[in-house]
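Hi,

Here is the structure I promised to pass along. Have a look at it first, and my notes follow below.

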Amino acid sequence: MKYNIALIPGDGIGPEVIRETVKVLNTVGETFGHQFEFEEVLVGGCAYDATGHPLPQSSLEVCKRSDAVLLGAVGGNKWDTLPGNLRPEAALLGLREALGLYGNLRPAVLHQALKNACPLKPEIVGGGIDICVVRELIGGIYFGERGRRKDGKMGEEAFDTEAYSVGEVERIGRLAFEMALKRDKKVTSVDKANVLESSRLWRSVMLEVAKDYPEVTLEHMYVDNAAMQLVRNPNQFDVIVTTNMFGDILSDEASMITGSIGMLPSASLGEGSFGLYEPIHGSAPDIAGQDKANPIATILSTAMMLRISFDLEAEAKAIEDAVTSVLEKGYRTIDIMGNEVKIVGTTEMGSLIQEAIKR
Ligand code: IPM
Ligand code: MG
């Protein structure tokens, strides 16, 4: 089979982690007899520098035509002073919206080989951490009405609006319940229903969706409590479903308790099999181009791509097993370094994983 993948290397460490990932994908292609065609496009700060806009129409067109999109990272302090609509982050939001990617899966898994990287006490973590955050991605306060007015209570005022419709909550709810069916069959819906009207609607829709999934347990939790419970007892969670902004915050927290943000992949999905896959980490401009970045999060994101968008389970598993075996042999990039490990750079880590797939 032939698969068309739009590649967005982006800014900072993006290009180098994408380069290693392409290496790995090509090896998967050779080993399993698939053809992966890559089309590289400019999105982010680099696109702004080249064209004056962080998300050029031509880049968007290539993404829309592709079977899946693979993204490194966008952004950097170089573009921090641009107006909001021209910042690299705006390109990311524009891409998610234009591609209809309403559901963001962010699995937070503690790899056994990296137990020591976890900042929580061993008695709290027990056998490991395995949580999947399902974040609504193209609604809520990120996309609600916003603006400024001169006549605020105490001078000029700025506002952003959190709004959710029944249909928006329902589709993200279904995605979460479907995920739970494949996992431990528990969904925790996180909201702030003791204060926010939008959360009360969110909660009532979740209860409705739950009726179609009698095998799944639904529980509700306020976001402040959820932030606390994530460090107090992370193993009570299986799937967490929540709004765009709460999901942004809680997924960073969930990734931190695994101790290795450089390891965590993500998938952004809409209707159908199309998806955008990217590491959770950012563009880390401070280490860009120094062969220090960990390519594993991007490599694991392609495993998600193979599994979810292309239905290639064995190939996805081959990548995940290769990553595990390289970690078990003690190889580490500096972000996940512990005692007595073999430190390698971005390129060598990519090559080690590539070799492990061949075997
Ligand atoms: C993320 C990031 C983005 C977000 C930023 C870069 C716009 O933090 O993907 O979590 O807030 O969604
Ligand atoms: Mg974030």
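At what angle do the axes of helix H6 and helix H7 cross, and within what distance do they come? The axes of H6 (residues 166-181) and H7 (residues 197-210) cross at roughly 50° and come within 9 Å. Because of that angle, H6 is oblique to H7; angles under 35 degrees count as roughly parallel, over 145 as roughly antiparallel, 65 to 115 as roughly perpendicular and the rest as oblique. The axes are lines fitted to C-alpha atoms, for helices over the stretch in contact, with angles from 0 to 180 degrees between N-to-C directions. Helices (H or I, at least four residues) and strands (E, at least two) are DSSP runs, numbered from the N terminus.

Before going on, a word on conventions. This is a predicted model, in which local features need pLDDT of at least 70 and side-chain atom pairs count only at pLDDT 80 or more, while totals for chains, interfaces and linings use all residues. Residues are numbered from 1 along each chain as its sequence is written, chains are lettered from A and ligands numbered from 1 in the order in which they are written, and side-chain values use heavy atoms, leaving out hydrogens and water.

Back to the helix pair. H6 passes H7 in a right-handed crossing (the near helix is turned clockwise from the far one by less than a right angle). On the H6 side, the contact (heavy atoms within 4.5 Å) is made by Val166, Val169, Glu170, Ile172, Gly173, Arg174 and Phe177. H7 contributes Leu201, Trp202, Val205, Met206, Val209 and Ala210. These residues divide into 10 nonpolar, 1 polar and 2 charged (Ala, Val, Leu, Ile, Met, Phe, Trp, Tyr, Cys and Pro count as nonpolar, Asp, Glu, Lys and Arg as charged, and the others, Gly among them, as polar).

Next, the sheet. It is open, with 10 strands in the order S2-S1-S3-S12-S11-S4-S5-S10-S8-S9 and mixed pairing; two strands pair if DSSP finds at least two bridges between them. Its edges are S2 (35-40) and S9 (217-222), each of which pairs on one side only. From one strand to the next, the twist averages 25°. S4 (residues 103-109) and S11 (residues 265-269) run antiparallel and are joined by 3 bridges, and asparagine 104 has serine 268 in S11 as its bridge partner. Helix H10 (residues 296-308) packs on the sheet, where it touches S1, S2, S3, S4, S11 and S12 (275-279), and its direction makes about 40° with that of S11. Helix H3 (residues 57-65) lies across S1 (2-10), S2 and S3 (68-73), running at about 145° to S1.

Isoleucine 257 sits in helix H9 (residues 244-257) and is buried, at a relative accessible area of 3% (buried is under 20%, exposed over 50% and partly exposed in between, with a 1.4 Å probe and protein chains only). Not counting residues up to four places away in sequence, isoleucine 257 touches Cys118, Pro119, Leu120, Ile129, Ile131, Leu230, Val231 and Pro234. Glutamine 354, in helix H12 (residues 346-358), counts as buried at 14% relative accessibility.

Finally, most residues other than glycine have a negative phi. Alanine 284, in the loop between S12 and H10, has a positive phi near 35°. Aspartate 311 has a positive phi near 55° and is exposed, with a relative accessible area of 65%.

Best wishes
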